[in-house]
Amino acid sequence: MPTFISYDGTELAYRIEGEGEPLVCLAGGPLRDAAYLGDLGGLTAHRALVLLDARGTGASAEPADPGTYRCDRQLGDVEALRVHLGLERIDLLGHSAGGNLATLYAAAHPERIRSLVLVTSASRALGIGTTDEEWDKAVEVFADRPWYARARAALDTIGPDTPLPRVREIVAPFAYGRWDAAAQEHAAGEAEQANEAAPAYHGEGAYTPEATRRAITALTAPVLVLAGEFDPGPTPAKAAEAAALFPDAELVVLPGAGHFPWVDDAEAFVRPVAAFLDPEVRTVTVDGVRLAYRVRGSEDAPPVVLVHGRGENSTTWTRIAAELAADHRVYAVDLRGHGLSDRPGTYGFDTFRDELGGFLKALGLAGATVVAHSMGGGAACLLAAREPDLIGRLVLEDVPVFFPLDPPRPPAERPEGPLGFDWEIVPSTNAQLNAPDPAWREELPAITAPTLLVAGGPTSHVRQDQLAWLADRIPDARLVTIGVGHLVHTDAPEEFLAELRAFGL
């Protein structure tokens, strides 16, 4: 493992997992070996995690002065790591107790922070604590779990003389959204990963909350505060208090998660963190669903919204977006259940229709040109019929026409391995393709937007005669065929762009 020498001569170790821009990660515990962070649920697919073993933990040396275990006295360790890595500014993540150190560092060195992520972070540094009474009340959320009665009885046995390892063992079930095999295995590692000097971390004098609150007002970097819905400390309400103290902070509550959200639901944890850390990605909440989207082009240029098909995401438009951004403001959205957006579990063409409408309204994009493929095109077509004034121009690429499929699609089996989208989208939309609402076809003449229909030709699975029928039903529509199959914009980008330009984009 690579090492560096901190301000007081203590040799500290770290490891780097993943590729990409570095994300410095501070472990909690307090004073727990950073190994428990693992790959943070797969965040390594998006960033290179720089996992610091705090002094006296993991492969890092014990300090000569035990007083330096105190949180505020580890500020120099973070700064020494930054200098060692040769970074002018850092993206910094702190979990649990490590969030206090991350907060103190941001307050002391606001100019060194590019972004700050606080994961189920204790907020003692800001003067927001959790009393024993509040914690006991919060864990009642688990009252219907089969293990609760025994675990709750064990809590009552904790006293001032209870050894710290036993305390950790007793409280462990309350730290996870599900006390299943994965959670139990993760919790079991703490016995070997913990430093018994942990009480010194929050020792007297570690925090000056009022001064820290004043100092973080100088922090211009964005902050992401993640809370677990079932975490008793900090609860989502406490996390919201902390988020409100930063000049530019966003709170995300992870459903069903506890204190270690990447263990409870790795994908649900990674999505908002990856979206937050990606400078090309922004987010907006529509009807309670957090949607990620990518933006290119001048802010005062005419807006174009790109909508992907089923199983895809905003990155499918990378080539097209780059070209259109020369003279347009281009927004490429991840629909619910796709890419870096939330996966609420409820899907359908009508749901995507309403969500796309909400997206346009939330960003003030009424009258924008909408370019949409396949499933996204079906939703855009429905929206243009339902709210004609919301879309200025419409491009529909090889879209379903909502005639009942003959033969109907049979039940689909989920492929093995991870997917880039929520599989529930497939049976939900297949059911609607098999038996669509007849009103969806009847409403088509209400579309007032000039419309370009791009067909993929005979190798596409979409019936081309139905696309011709659709062109006849939309009052101001033109049909062109680019015979490369269903994925026109990716398989024939030059031809696709030429048709967009001829259409007036």
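These are my notes, entry by entry, on what I looked up.

**Entry: what I'm looking at**

I'm working from a predicted model, so every value below is computed from that model.

**Entry: the enclosed space**

I started with the holes inside. Rolling a probe the size of a water molecule over the atoms shows where empty space is left. How many cavities of 30 Å³ or more are there? I get 4 of them. The largest cavity has a volume of about 120 Å³. I looked up its lining and found 15 residues, with Leu-26, Ala-27, Ala-54, Gln-74 and Leu-101 the closest to the centre of the cavity. Which element gives the largest share of that lining? My answer is helix 2, residues 97-108, with 3 residues. By type, the lining of the largest cavity splits into 9 nonpolar, 4 polar and 2 charged residues.

**Entry: the open space**

The largest pocket holds about 1,400 Å³ of space. I count 43 residues lining this pocket, and the closest to its centre are Gly-29, Arg-124, Trp-135, Val-167 and Val-171. Helix 3 (132-138), helix 4 (148-155) and helix 5 (164-171) are the elements that give two or more residues to the lining. Helix 5 has the largest share, at 4 residues. I sorted the pocket lining by type too: 21 residues are nonpolar, 12 are polar and 10 are charged.

Now for the backbone. Most residues other than glycine have a negative phi, and most peptide bonds are trans. I went looking for exceptions and started with the peptide bonds.

The peptide bond from Gly-29 to Pro-30 is cis, and its omega is near -5 degrees. Pro-30 sits in the loop between strand 3 (22-26) and strand 4 (48-52).

I found another cis bond between Gly-233 and Pro-234, where omega is about 5 degrees. I place Pro-234 in the loop that runs between strand 7 (223-228) and helix 9 (236-243).

**Entry: positive phi**

Ser-96 is not a glycine, yet its phi is positive, near 50 degrees. I find Ser-96 in the loop between strand 5 (90-95) and helix 2. Is Ser-96 buried or exposed? Its relative accessibility is 12%, so I write it down as buried, the cut-off being under 20%.

Asp-398 is another non-glycine residue with a positive phi, this time about 45 degrees. Asp-398 belongs to the loop between strand 14 (391-397) and helix 15 (425-434). Its relative accessible area is 0%, so Asp-398 goes down as buried too.

**Entry: a walk across some of the strands**

I began with strand 11 (residues 303-307), which runs parallel to strand 12 (residues 329-333) and is joined to it by 5 bridges. One pair I noted is Val-307 with its bridge partner Val-333 in strand 12.

Strand 11 also runs parallel to strand 13, with 4 bridges between them. Here I see Val-304 opposite Thr-369 of strand 13.

Strand 13 and strand 14 are parallel as well, paired over 6 bridges. Across this pair, His-373 stands opposite Glu-397 in strand 14.

**Entry: a closer look at strand 13**

How many residues of strand 13 are buried? I get 6 of its 6. I checked both faces: Ala-368, Val-370 and Ala-372 are buried on one side, and Thr-369, Val-371 and His-373 are buried on the other.

Terms used. Residues numbered from 1 in each chain as written. Predicted model: local features only at pLDDT ≥ 70, side-chain atom pairs only at ≥ 80, totals over all residues. Heavy atoms only, no water. 1 Å grid on protein atoms, 1.4 Å probe; cavity = no way out; pocket = protein on both sides within 12 Å on 5 of 7 lines; lining within 4 Å. Points joined across faces, edges and corners; volume = space filled by probe spheres on them. Nonpolar A, V, L, I, M, F, W, Y, C, P; charged D, E, K, R; others polar. Buried < 20%, exposed > 50% of the residue type's maximum accessible area, 1.4 Å probe, protein only. Pairing = 2+ DSSP bridges.
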